Amino acid sequence: MSDVIEDTTIVSLRDITDEDELREALSVLGGSDPEHCSYTKGYVKRQAVFACSTCTPTGVDPGGLCLACANICHDGHDIFELYTKRQFRCDCGNDKFGDFNCQLNPTKDSVNLKNKYNHNFCGKYCSCDRPYPDADDQVDDEMIQCIICEDWYHTRHLGCAVVDSEELQEMVCEACMNKAPFLWSYAAHIAAAPVIKVGHSGEELEVNVDELENQKDRKCEAFSNGGEGSSCQTLDKQPENRSAAFKRTHQEMTDSPVKTHGCRLKELPTGGPHRAREGAVFWPYNWRSRLCTCVSCKRAYVKAEVQFLLDESDTVLAYENSGRAQPLGEDRLMSFLSSLDHVQQLEMIYHYNDLKTELTTFLQQHAVEDKVVTAEDIEQFFEGLQSKRGRPNAGY
């Protein structure tokens with residue numbers, strides 16, 4: 001997987017063998033509580049969200065579950081991951097689920113009015129409206145999540161080539177750029193230069209638009225210094241200060257900008273190459289800190305429903321960093337998990353948490369009653385645990 005999109009891509013765990021890599025991939029779960037329903041916390045800034053096609057199949061009003069409810073209330077159901085969602089409240093047991101009751105928090109409002117749903121809750125993704133993984137898709141293609149609509153897109157459906165650079169962190173799809181059109185102005189100055197595909201002798205080549213502009217400048221300089229050709233009038237040479245306004249060093253892309261008292265958006269240079277308003281846009285680290293926060297711009301963010309862009313702790317990266325600090329278990333468990341596929345890994349984590357809680361209660365009860373734990377007691381414990389979960393051989 002490319003470093004560009006490692007923080008915003010659906011991660012496949014099938015080939016992960018290193019413990020650090022496994023912790024990295026499962027960090028999306030680390031910020032969520034596996035035992036307590038998140039409903040009481042209200043609309044959580046960001047959390048891992050799941051959907052249950054057993055309870056809310058295609059054609060039914062979709063609903064979302066927190067990690068704990070997916071693990072406990074919907075054990076044995078057909079569950080699929082939605083990665084993370086912003087400002088979401090657990091739906092388990094509300095009107096979307098009919099007579100089904102939440103085991104962890106049965107007293108919930110009938111509906112969560114602020115929740116937002118898309119076709120992801122029905123197991124469909126991208127502008128092609130296909131499932132992931134897609135058995136009918138023969139193209140080995142990664143998916144990238146838009147930070148605004150939070151839908152996932154195949155790289156080949158982004159309308160641009162994927163930019164490969166360690167300086168880039170977040171992607172905004174073309175549709176969301178058009179819903180917040182002021183972002184195009186920022187894109188011309190602080191986002192990655194667009195990469196287009198052009199035909200050449202029957203082959204496709206990727207061309208960086210900024211590099212084309214630089215080539216024009218160099219060619220024009222050659223003309224003016226007596227090189228081949230007679231004129232550079234058709235090269236649309238920009239003023240001498242153009243490169244200072246549009247060439248961005250790594251430090252410029254990562255450092256916080258100098259604070260101004262005016263509107264940063266209006267103060268952006270108007271000269272330089274034009275950026276076509278098409279295709280997805282890739283943004284560098286700390287790009288949110290460079291957005292204007294004047295009253296007028298804040299109103300524009302609210303109108304476009306993207307006010308969360310001003311909150312740098314809203315990012316998936318910030319959420320995953322908190323998840324990385326959460327321990328996932330003993331080294332042997334990590335080693336065993338690394339040998340399983342993605343679905344099995346998640347199921348084992350859920351079962352491990354259940355087993356740890358039930359076993360602790362079991363041993364504490366014997367300690368209080370001053371009883372010796374026999375082999376028969378252990379056998380009965382696991383038989384009772386399997387019966388309680390409703391499935392034999394539940395991974396123990």
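## The second largest pocket

In this predicted model, the second largest pocket has a volume of about 680 Å³, a volume being the space filled by probe spheres set on grid points joined across faces, edges and corners. A pocket here is an open set of points on a 1 Å grid over the protein atoms alone, where a 1.4 Å probe fits, with protein on both sides within 12 Å along at least five of seven lines, and lining residues have an atom within 4 Å of a point.

The lining of this pocket comprises 27 residues, and Arg86, Lys116, Ile148, Glu305 and Phe308 lie nearest its centre. Two or more lining residues come from each of strand E2 (79-88) and helix H4 (174-179), and E2 gives the most, with 4 residues.

## The protein as a whole

The secondary structure comes to 13 helices and 8 strands, taken as DSSP runs of at least four residues (H or I) and at least two (E) respectively. Of the 396 residues, 42% count as buried, that is, under 20% relative accessible area with a 1.4 Å probe and protein chains only.

## Confidence and conventions

The mean pLDDT, the predictor's confidence in each residue from 0 to 100, is 74, and 65% of the residues reach 70 or more. Over residues 198-205 the pLDDT is below 50, and this stretch has 8 contacts beyond near neighbours in sequence, a contact meaning heavy atoms within 4.5 Å.

Residues are numbered from 1 along each chain as its sequence is written, and side-chain values use heavy atoms, without hydrogens and water. Local features need pLDDT of at least 70 and side-chain atom pairs count only at pLDDT 80 or more, whereas totals for chains, interfaces and linings use all residues.

Conventions
Buried < 20%, exposed > 50% of the residue type's maximum accessible area, 1.4 Å probe, protein only.
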